[in-house]
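Hi there,

Here is the structure I promised to pass on to you. Have a look at it first, and my notes on what turned up follow below.

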Amino acid sequence: MSSATQTWKTERAVASLKRTVLYITLVAFAALFLTPLYVVISTGLKTFQEARLAAMWSLPPSVSLQAFSAAFTRLAPHLENSFKLVIPATFGSALLGSINGYVFSKWRFRGANTIFALMLFGMFIPYQSILIPLVVFLRTIGLYGTLWGLILTHIVYGIPITTLMFRNFYAKIPDELLDAGHIDGLDLLGVYRRIIVPLSAPGLVVVVIWQFTSIWNDFLFAVTITQRPGVQPITVALQNLAGSQVIEWNVQMAGALLAAMPTLVLYIILGKYFIRGMLAGSVKG
Amino acid sequence: MIRTKRDLTKAVLLVTPSIVLVSIFVYGFILWSLRTSVSAWQGIRPDYTFVGLRNYIHLFQSTRFQIDLWNTAYFTLFFIATCIVVGFVLAFLINRNIRGEGVFRTVYLFPMALSFIVTGVVWRWMLNPTFGVNIILENLGFPSDWGWYTDPTRIGGFHVALTSLILAASWQFAGYTMAIYLAGLRSIPYEVIESARMDGATEIMIVRKVVLPMLRSITLSAVVVLGHISLKIFDLVMAMTGRGPRFATDFPGVFMFETTFTGNRYGEGAAISIVMLVMVALIIIPYLVHVFRQETHE
């Protein structure tokens with residue numbers, strides 16, 4: 001009897017030890033993941049002199065907003081460019097994706113699956129392999145070097161992923177619901193407008209967050225298409241800031257945080273939808 | 001489902017604009033790049049004089065491109081391995097009824113919301129040989145004279161400087177791997193694991209014999225998604241290291257960009273881009289075929 005109690009007690013002790021180790025591991029990893037964030041914030045709050053010292057890991061002796069205001073002055077026009085780019089490009093590609101997703105999930109015409117697969121390939125290609133023709137093409141139509149050129153680019157190359165996401169989302173809407181619409185005399189556009197669109201909100205949120213984040217974070221298209229500083233979005237401006245002659249680490253870190261803010265805020269508020277989009281990105285819905 | 005012939009025609013018309021756009025901007029442009037890659041185009045003005053495989057031969061003979069291919073291979077290998085191991089461990093730990101699970105998940109995943117440019121700028125500062133992580137290592141009593149991304153040392157074919165990029169990229173994507181493994185773990189029925197436990201299997205045996213085999217398709221997705229990211233890596237390198245000392249951190253993406261838009265050697269730049277496309281296609285096409293076969297079987 002007493003030995004049984006003894007075993008039971010040891011087992012409990014082992015179990016609780018395991019639990020403690022588990023939490024310590026998780027917390028250690030969390031600290032590791034947050035280290036860059038700590039460095040960004042603490043460096044961003046330092047003055048130029050403080051940030052240059054070997055004390056990069058210590059907290060700022062006093063909070064200075066000097067770096068943030070310097071970064072904001074330099075980056076504000078580019079943040080504005082990014083918003084002007086991201087909003088139309090996100091909604092443009094979402095609209096096309098929604099229409100395609102509806103057709104590919106509910107109207108499987110002959111060859112639809114093959115066409116869909118060929119379309120999907122477009123989301124994996126290295127964009128370097130279309131970059132030279134894209135530049136020549138945009139020059140020809142007079143959109144090279146403009147935000148509209150960049151918007152068009154992001155809409156077109158956003159088609160595969162938005163189509164995939166909407167297709168997987170609409171596949172879950174029961175066919176009976178659409179049949180009811182047809183019986184009531186709606187044609188395919190009527191069904192889309194009256195039945196599909198009103199049910200699209202959760203899918204749309206996933207797509208919008210995904211596209212917003214990818215387009216905001218894009219660098220390759222932005223740096224290739226926009227050469228003039230006046231139209232450059234935030235990623236290009238941040239990269240230029242980092243490449244300037246005197247390296248002001250504090251301003252760079254403040255700038256990095258400003259550049260990251262919009263997508264970080266979206267992620268923190270709507271993380272659940274962000275994850276859904278990410279999972280859809282690995283093809284299976 | 002009820003379909004009329006007229007509606008089916010309309011359905012095709014609805015997707016036609018997108019099909020046309022993708023045909024031109026993806027497939028048409030790829031062919032155009034292919035054409036450029038066998039042309040003599042150098043300088044600002046297009047010149048499509050056919051030169052055969054000259055650009056490719058030139059490319060594969062250049063030291064820089066050979067280094068790039070080795071760097072890509074090593075980077076891909078270590079980046080994928082790190083993300084898979086860390087991602088799986090985190091998912092496995094987080095899946096055991098953890099208090100504050102949501103907080104941990106949010107923390108591990110937040111780097112995914114950032115741009116590679118932000119990551120690069122921040123990690124360049126953190127791994128700065130004079131001020132960075134070295135100071136912490138010194139205080140902890142570890143060797144602290146690492147050059148990180150400034151180190152030109154090459155061990156076998158592996159450039160030590162790549163470690164910095166591997167660290168930064170893994171920091172950004174380990175959380176993604178965790179999230180897909182976690183989704184996979186959640187889909188394993190509890191009874192399966194419980195019955196293995198009843199049969200006296202140890203935790204490690206359960207992971208090896210039950211959990212990992214059931215997550216095989218997830219591991220495949222992770223390898224494909226991470227692999228195609230690393231084969232076309234560009235932004236992170238530009239923001240963090242550039243081509244590095246003696247091309248220690250150079251990649252085809254960087255080489256392509258510099259050749260084309262700085263050097264104005266369009267023919268060669270296009271050739272690099274086609275090689276990149278082939279590398280990505282070699283992993284993506286079999287994967288897409290596999291996924292679509294599975295879908296039609298379901």
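**What I found**

Chain B has 298 residues, and 46% of them count as buried. Please keep in mind that this is a predicted model. Chain B is built with 13 helices and two strands, and its C-alpha trace spans about 75 × 70 × 30 Å along the principal axes. Among the contacts in chain B with a separation of 6 or more, 67% are between residues 24 or more positions apart.

**Domains of chain A**

The domain assignment of chain A gives domain 1 (2-44) and domain 2 (67-281). The C-alpha centres of these two domains of chain A lie 39 Å apart. Where they touch, four residues of domain 1 of chain A are in contact with eight residues of domain 2 of chain A. On the domain 1 side, that contact has two nonpolar, two polar and no charged residues.

**Where the chains meet**

How many residues of chain A are in contact with chain B? The count is 74 residues of chain A, in contact with 77 residues of chain B. Helix α12 (residues 249-281) of chain A gives the most to the chain A side, with 14 residues. By class, that side of chain A has 53 nonpolar, 16 polar and five charged residues.

One helix pair across the two chains may interest you. Helix α5 (128-140) of chain A packs against helix α1 (residues 5-37) of chain B at an angle of about 90°, with the axes 8 Å apart. α5(A) is therefore roughly perpendicular to α1(B). From α5(A) come S129(A), I130(A), I132(A), P133(A) and L134(A), and they meet residues of α1(B) including F25(B), V26(B), F29(B) and W32(B). This contact of α5(A) with α1(B) has nine nonpolar, three polar and no charged residues.

G122(A) sits in the loop between α4 (112-121) and α5 (128-140) of chain A. Is G122(A) buried or exposed? G122(A) has 23 other C-beta atoms within 10 Å, so G122(A) is buried, the cut-off being 20 or more. Leaving aside neighbours within four places in sequence, G122(A) is in contact with Y157(A) and P160(A), and also with V22(B) and V26(B). V26(B) is also one of the α1(B) residues that meet α5(A). By contrast, G122(A) and E11(A) are 55 Å apart in space, C-alpha to C-alpha, and 111 residues apart in sequence.

**A helix pair within chain A**

Helix α3 (residues 66-106) of chain A and helix α11 (residues 234-242) of chain A pack with their axes 8 Å apart, at an angle of about 155°. The two helices α3(A) and α11(A) are therefore roughly antiparallel to each other. On the α3(A) side the contact is made by R74(A), L75(A), H78(A), L79(A) and S82(A), and on the α11(A) side by I234(A), A237(A) and L241(A). By class, this contact of α3(A) with α11(A) has five nonpolar, two polar and one charged residues.

**The nonpolar core**

Which residues touch the most other members of the largest nonpolar core? They are L238(A) and A256(A), in a core of 176 residues. α12(A) supplies the largest share of this core, 15 residues. Domain 1 (2-44) and domain 2 (67-281) of chain A each contribute at least three residues to this core. Leaving aside neighbours within four places in sequence, L238(A) is in contact with G255(A), A256(A) and A259(A), together with I117(B), V118(B) and V121(B) of the other chain.

Best wishes

Technical notes. Residues numbered from 1 in each chain as written. Chains lettered and ligands numbered in written order. Predicted model: local features only at pLDDT ≥ 70, side-chain atom pairs only at ≥ 80, totals over all residues. Axes fitted to C-alpha atoms, helices over the stretch in contact; angles between N-to-C directions. Helix = DSSP H or I, 4+ residues; strand = E, 2+ residues; numbered from the N terminus. Parallel < 35°, antiparallel > 145°, perpendicular 65-115°, else oblique. Contact = placed C-beta atoms within 7 Å. Nonpolar A, V, L, I, M, F, W, Y, C, P; charged D, E, K, R; others polar. Domains from an automatic or database assignment. Buried ≥ 20, exposed ≤ 12 C-beta atoms within 10 Å, placed from the backbone. Core = buried A, V, L, I, M, F, W, Y, C linked by C-beta atoms within 7 Å.
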